[in-house]
Amino acid sequence: MSSSSRTVAVLGPTNTGKTHYAIERMLSYRSGVIGLPLRLLAREVYDKIVAIRGANVVALVTGEERIVPERAAYWVCTVEAMPQGMGVEFLAIDEIQLCADPERGHVFTDRLLRSRGIMETLFLGSDSMRGIIRTLVPEAEFLTRERMSQLSYGGSKKISRMQARSAIVSFSIDNVYGIAELLKRQKGGAAVVMGALSPRTRNAQVELYQNGDVDYLVATDAIGMGLNLDINHVAFSATMKFDGRRMRQLMPHELGQIAGRAGRGMSHGSFGVTGEAPPLQDEVANAIMEHRFAPVKKVIWRNPRLEFGQLDALIASLEVAPNDELLVKAREADDLSALKALADDAESRARASDPASIRLLWDVCQVPDFRSISAGEHANLLTQVFAYLHERGSIPEDWLARHIKQIDRPSGDIDTLSKRLAFIRTWTYVAQRKGWVNDETHWRESTRAVEDRLSDALHDALTQRFVDRRTSVLLRRLKQKEAMLAEVNENGEVTVEGEFVGRLEGFRFSQDKSAAGQEAKTLKQASLAALAPHFHLLADRFYNAPDTELDFTEQGGLMWGNNAVGKLVKGADALKPTVKAFVDDEAGSDVAEKVTRRLQHFIDRKIATAFEPLLALSRDEELSGLARGFAFQMVEALGVLPRATVADDVKALDQDSRGALRKHGIRFGQFTIFMPLLLKPAPTRLRLVLWSLAQDLSEFPEAPPPGLVTVPNMSKLPSGTDTMAGYRNAGERAIRIDMLERLADMLRSEDSRGGFEGKADMLSITGMTLEQFADLMAGLGYKAEKGERVKVKAVPEAAPAPAKTDAPAPEEAAVEAPAEQAEPAEPEMEVFYTFTWGGNRDRARPQGQGKPRGKPGENNGGKPRGKGKPRGKPQGAQSFQSRAPKKDTIDPDNPFAAALMGLVKKD
């Protein structure tokens with residue numbers, strides 16, 4: 001050092017700009033070196049200086065990273081990796097209070113006592129170091145830096161109520177992960193910062209926080225060492241930590257170092273506790289706020305004058321006690337433990353037989369135990385490394401490549417990737433040592449590439465586990481109060497700012513079901529805010545959509561394509577229902593009113609089209625008297641009336657009234673009075689919905705599939721369902737009412753008292769088997785009597801005689817052959833049913849049927865019928881097997897009966 005060399009201790013609390021001041025001072029000289037406490041911080045400072053002076057004059061040297069350009073003038077290093085005896089003009093040591101750290105303190109104390117710049121030396125740190133620096137470095141000047149912002153104590157606060165831009169500090173990995181997962185569920189996520197992270201992973205996580213993707217940071221005490229983040233509040237989730245040997249309470253100055261990360265620049269900050277951490281005592285909180293901490297009275301020291309003549313002498317020199325009461329002998333560090341372990345290995349001791357070998361052994365023992373498997377495992381690795389370096393002068397490339405290949409697997413969970421990163425740090429450190437590998441550039445790049453891949457994978461894993469990107473993005477945009485872009489694809493999937501948030505079903509938003517708690521609230525708030533303009537555009541498109549895009553369901557729902565947009569509501573009249581639109585409140589009243597008007601127009605037009613004959617009947621002013629009253633009943637019944645319910649009214653109608661009603665398409669059937677046009681599938685489907693609404697049914701019966709003549713009996717459904725569906729219950733089945741009237745026309749000519757059998761036409765129009773038809777007839781009020789008889793086979797016509805030839809015909813030859821006597825076959829039996837009117841008063845009485853052939857219960861000869869199965873054909877019964885069916889008679893209720901009778905007379 002020159003006589004003009006200046007040593008300055010720049011002391012003060014956090015957020016005083018000490019590191020920034022040191023960088024400015026270093027760049028004012030032609031050369032300089034700055035020692036920093038963390039590899040992460042060293043990388044941050046290196047990047048700042050490169051941005052100012054360029055990469056060709058700035059070097060970065062840490063245990064695992066070495067970037068040294070040929071013209072390097074400014075060196076950024078970790079304190080342990082600072083090159084010695086370089087003769088630079090400027091030298092600075094940051095966080096000098098770490099001289100008192102039990103693990104690393106001896107390194108900082110050595111720099112305090114022995115490292116100097118030619119022109120200027122700066123020691124940066126806490127004001128608690130003022131007294132001991134004055135004693136140990138008498139020539140030092142002191143420069144006090146005041147904090148640029150105020151720090152206040154906020155007490156205890158739940159994580160769920162934690163303010164944005166907060167850092168929550170924990171001292172165990174498990175707690176860090178647990179808190180981060182809680183913040184993901186409640187706040188959208190958190191970035192994670194730990195000392196064990198690689199600079200690449202740490203920077204990526206910090207970027208998540210700094211750019212606002214997340215508003216929370218979960219960290220270990222690593223953030224207390226110079227990392228400059230935009231933190232407003234620091235919360236301690238614990239105030240005790242494991243220091244490598246025991247659990248102990250954090251000292252006030254340690255709490256202050258971390259709490260001081262809150263409030264950067266001129267922005268004020270606060271600190272407090274959360275979770276299970278007890279509130280800070282008043283004196284501790286006041287000490288942190290006022291930056292008053294107990295002065296450091298002793299610093300950790302280890303003998304820097306090492307003896308390399310013999311192995312035991314080296315160990316002894318490392319264990320020399322200080323002769324100054326201000327210095328405390330360092331506890332046995334990892335490098336000394338490794339040295340003792342290798343000294344106990346006979347082969348390693350034999351190799352360390354000269355000063356050069358002993359110096360090499362000491363260098364190997366300083367490889368950090370990044371893997372943290374066990375002291376024995378670490379010693380075994382160092383034994384191999386020392387053996388290769390001693391025998392071959394370098395580490396074999398195949399051996400190194402094999403170990404790196406085992407680690408180069410960027411897959412797995414957070415713990416697996418973290419472990420692999422720790423392993424690669426060992427080989428990164430080895431590759432950085434000069435002369436340990438043959439192709440230093442290749443292995444440095446190779447190990448760095450593996451570390452980068454693992455770092456990126458770890459960042460992705462941390463983000464995936466602890467950050468809900470969707471919620472964080474939406475929270476940020478909501479906070480910025482900017483318009484958000486919502487997109488809806490053809491499947492109704494809604495994305496806001498590129499994040500899936502749910503589905504839009506018509507005019508109702510259904511958010512993603514995977515969201516819960518605070519995430520769900522954020523999701524809904526952001527989604528509806530972004531969808532607000534989309535609702536109006538959608539309403540306009542819906543209002544102008546053709547009726548073909550709309551439909552109703554059997555349960556009264558109103559659909560637009562595949563989306564439910566409303567439902568039918570009971571009105572004052574069955575043919576005049578109202579509608580209720582399904583529109584989210586957030587869409588606004590204008591949208592709801594427009595959707596409601598469009599739905600009402602749709603259903604009004606649907607009813608007008610489907611029930612046009614019925615509506616025309618209701619508007620016919622020419623109807624009067626009984627005809628008008630009957631028309632009113634038909635309208636009320638939606639075009640279908642069981643005749644039994646209006647039998648007296650029908651009898652009271654004169655021919656003119658009937659004719660006037662027939663003009664509107666009303667058919668007076670034997671069982672039902674109906675309008676055939678209203679039995680078509682579309683009116684039937686709508687009639688069931690309108691009737692169900694009028695009846696206040698909770699579940700609407702569905703219309704049978706179109707085209708079926710019979711369907712299962714509907715008696716278990718609400719009363720009247722069969723009539724509204726266009727069917728009549730009869731036995732186990734229900735028959736369509738128009739086909740029932742055709743069957744009734746056939747039954748008019750039959751003798752219902754004497755008994756008759758069903759004809760082929762009867763079975764044909766019902767599409768039933770004989771047994772099913774018998775059950776149907778029983779349901780209509782007929783008695784069905786089952787019998788059995790010999791089946792009469794049709795006699796085949798005689799074949800024409802063949803022409804005569806000289807040769808006998810094959811048939812003749814066959815006749816001449818003697819034939820065996822065949823046994824007589826048993827007669828083939830058939831089942832038949834005889835139907836007679838049962839006289840059920842609830843059934844419509846058959847009309848126009850023939851006179852009975854004998855007394856009821858007797859056959860044609862007047863003899864009573866026997867019990868059991870009759871063995872022959874009843875003499876009074878008519879069978880479809882023995883004669884052709886009669887032609888259909890003309891229905892007198894048919895509106896075209898007169899014209900048809902005229903045609904018959906002409907024939």
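**Exercise 1.** Decide whether Glu-80 is buried, exposed or partly exposed, and find the partner of its side chain in a salt bridge.

*Solution.* Glu-80 has a relative accessible area of 36% and is therefore partly exposed, where buried means under 20% relative accessible area, exposed over 50%, and partly exposed in between (1.4 Å probe, protein chains only). This is a predicted model, in which local features need pLDDT of at least 70 and side-chain atom pairs count only at pLDDT 80 or more, while totals for chains, interfaces and linings use all residues. Residues are numbered from 1 along each chain as its sequence is written, and side-chain values use heavy atoms, with hydrogens and water left out. The side chain of Glu-80 meets that of Arg-104 in a salt bridge (2.9 Å, N to O), a term for a side-chain nitrogen of Lys or Arg within 4 Å of a carboxyl oxygen of Asp or Glu. Arg-104, at 25% relative accessibility, is partly exposed.

**Exercise 2.** Which parts of the chain does the salt bridge between Arg-349 and Asp-312 tie together?

*Solution.* The closest N and O atoms of Arg-349 and Asp-312 are 3.1 Å apart. Arg-349 lies in helix α11 (residues 346-351) and Asp-312 in helix α9 (residues 311-318), so the pair joins parts that are 37 residues apart in sequence; helices (H or I, at least four residues) and strands (E, at least two) are DSSP runs, numbered from the N terminus. Arg-349 has a relative accessible area of 33%, and Asp-312 stands at 46%.

**Exercise 3.** State how many salt bridges the structure holds, and name the members of one network.

*Solution.* The structure holds 46 salt bridges. Arg-6, Arg-25, Glu-120 and Glu-141 are linked in a network of them.
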